[in-house]
Amino acid sequence: MQAAQPPAPEKTPAKVSEKPAPSSVHPSVRIPVEPLGFVPPGKLFMPYRIPSATLDYLDADHLLFTFHSAKLMRREPDEPLEDQDQTVHALVLSLPTGKVTAEGTWRLHDRERYLWVLGNGHFLMRQRDTLYIGDSSLVLSTYLHPEGKLASVQLSPDNSTLIVQYANEVKDDEQNALGDTPPHSRPTLGPGPTLGPSPSASSSAGTGSTGNPDPNDAETRFPQRRKEYTLLSIDVARHSATRLGVVHRPLAFTLVQDGYLGVAQGNGKLWDVKFARFGQEPEHLNSVTSTCQPLLLSVSPGVFLAQSCLPYSSDHLVQAFDLHGHKLWEQVWQSRFVWGTFAYSDAGNRFAYGSIEVNHDLATLDPVEDGSILGEPVGVFSIASGKLDTVLDATPILTAGENFSLSPDGNTLAILREGAIELYPLPSAAPPPAVTASSK
């Protein structure tokens, strides 16, 4: 996590040697969670990054709080052997009172990510391979049921685009590539805003990688039967879906305004960052220097972070760029803060970054042991300047994240902390950079 004011882009970024001190501000609202039925998960589960709670702004006046509920469950007939059933309790809380306005219980069949908030009062909930859409009433209706097993759901930071991937077993040796399948097939979508699939290996909403194979995906690491994956792009506002093509393993995308980003190795340690609209050839955006393949992370429709490896340290250089390739700021983030997760504001002026703090520096492939975990700091950054507006420790530590959220206007942080949902007002943020994609 980075604490200092970022240096001017042309200067060498200063190394951040210490974790920033937690903010001394007091919450404007505090909603105790024990009366709501929340019980902190045991420390045994920390190394596995199992989602056990979520906290999201549904709109400016409501929070959606969901959490694992330990209770006996009746076995279902013909239940698949691989099922790991759990009960999730869902609550809609009115602000600022914290009054429960809607309540529900969901039976889920695995321990993967199950919730994506779309904004404007709507969210998607996944049960097995079906996506359901709901609102502040918690009434659910079928949103999308693909023709195969859901492999990935990715939502752009502005909630405008959803990329869904679902798998089918390959019956022949025909080689298909992204773009080989014409985008004529239009899947059937349920009522309401349009949304996409669930993960057997899911990725964080809006923070995909580069259109490359996802190294954390189970199919990539432990291939069994050969499968092909159909990619759908869903325009949330227009309620329309387009079939992009077929690939042989799930891909992760860095979704930005009107397209996505990728990297390709250039000369030596120089990497080319490319922008592409779906169905079109990628174009060069800029270049970054790194001793490893840079990780691209979108934090708003028009700004992305390039996280690269330094030759002299296990820490990471983080640079923010707009969609013309112009650098906005840069910082060094320490390697002892791992497993980062993000939350975004609809206004595009801030992002929140949560990470797990460990007691020693880690190289990229080093494991995280439960005894080394110290805390879960959450920092809120101005997108225009990189300024760290506040930092707070989330408690209990949830290694899968999803326990903090930014209000739609980016001016309030909601965080699960010290036995309550706490709301912290933030200082005025600089307006976000203009959102225009490269037109080279």
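Phe-45 counts as partly exposed because its relative accessibility is 43%; the class lies between buried, under 20% relative accessible area, and exposed, over 50%, with a 1.4 Å probe and protein chains only. The place of Phe-45 is in the loop between strand E1 (29-32) and strand E2 (53-59). Strands (E, at least two residues) and helices (H or I, at least four residues) are DSSP runs, numbered from the N terminus.

Together with Leu-44 and Tyr-48, Phe-45 forms a nonpolar patch on the surface, and the three residues have about 380 Å² of accessible area together. Patches are made of residues with over 30% relative accessible area and no salt bridge; nonpolar side chains (Val, Leu, Ile, Met, Phe, Trp, Tyr) are joined within 5 Å, like charges within 9 Å. A salt bridge is a side-chain nitrogen of Lys or Arg within 4 Å of a carboxyl oxygen of Asp or Glu. Accessible areas come from the Shrake-Rupley method with a 1.4 Å probe, and for residues only the protein chains shown count as cover.

This is a predicted model, in which local features need pLDDT of at least 70 and side-chain atom pairs count only at pLDDT 80 or more, while totals for chains, interfaces and linings use all residues. Residues are numbered from 1 along each chain as its sequence is written, and side-chain values use heavy atoms, with hydrogens and water left out.

The chain has 440 residues, of which 53% count as buried. Its secondary structure comes to one helix and 31 strands.

The mean pLDDT, the predictor's confidence in each residue from 0 to 100, is 81 for the chain, and 79% of the residues reach 70 or more. Over residues 173-216 the pLDDT is below 50, and this stretch has 168 contacts in the model beyond near neighbours in sequence. A contact means heavy atoms within 4.5 Å.
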